[in-house]
Amino acid sequence: MAAGTLWGYGFCNSCTSWLIMAGKDGKGWIREIKQFYIAHNSDRISANAQALWHYLMYKANENWWNYPLCLYIPEIAFALKISQTAVKRAREELATKGYITWESPGGNKSARYYVLSRTNAIYAGQTGPKEN
């Protein structure tokens, strides 16, 4: 493990996945944002998808990069001031283009979101569900 690397574990009460992530002085997510815009120059994404990606980054930072992020569609729609259908389209766009992965536990439970690292940095801690 590199010097200055902090490890944390996250568990979502409505989810069943334990995940591990690493953080490094807050620099990792700034690099992710820079890479997001570099990638965006060659592979454009919609304004709603951009807003959703930034919201997920904000929530991940707020949650100390503990995954999964368990969020309801109405919560995201309210925060972004877009329709629930627009959130679903943006979510699918981000997943298709490799910015996020998500899982639906089904029923009336929150979806689990994982923001994927575009820099392949371990400190991003954005690897997705842990395999058993």
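This is a predicted model: local features need pLDDT of at least 70, side-chain atom pairs count only at pLDDT 80 or more; totals for chains, interfaces and linings use all residues.

A: Start with K59. Its relative accessible area is 17%. The cut-off for buried is under 20%, so K59 counts as buried. K59 forms a salt bridge with E62, and the closest N and O atoms are 2.9 Å apart. E62 is partly exposed, at 43% relative accessibility. Both residues sit in helix α2, three residues apart, so about one helical turn separates them.

Next, the pair E103 and R112. Their side chains meet in a salt bridge at 3.2 Å, N to O. R112 is buried, with a relative accessible area of 13%. E103 is partly exposed, at 23%.

Now D43 and K97. This salt bridge has its closest N and O atoms 3.1 Å apart. D43 lies in the loop between α1 (27-42) and α2, while K97 lies in the loop between α4 and β4 (100-103), so the pair ties together parts that are 54 residues apart in sequence. D43 is partly exposed, with 32% relative accessibility. K97 is partly exposed too, at 27%. The count of salt bridges comes to three.

Helices α2 and α4 come up again around α3. In α3 (residues 73-80), the residues I73, I76, A77 and L80 are buried. Seen down the axis of α3, these buried residues fall within an arc of 100°, so they line one face of the helix. Their cover includes α2 (47-62) and α4 (84-96), along with β3 (69-71) and β5 (111-115). Just after α3, K81 takes a positive phi of about 55°.

Note on methods:
Residues are numbered from 1 along each chain as its sequence is written. Side-chain values use heavy atoms; hydrogens and water are left out. Buried means under 20% relative accessible area, exposed over 50%, partly exposed in between (1.4 Å probe, protein chains only). Helices (H or I, at least four residues) and strands (E, at least two) are DSSP runs, numbered from the N terminus. The arc is that of the directions from the helix axis to the C-beta atoms. Contact means heavy atoms within 4.5 Å. A salt bridge is a side-chain nitrogen of Lys or Arg within 4 Å of a carboxyl oxygen of Asp or Glu.
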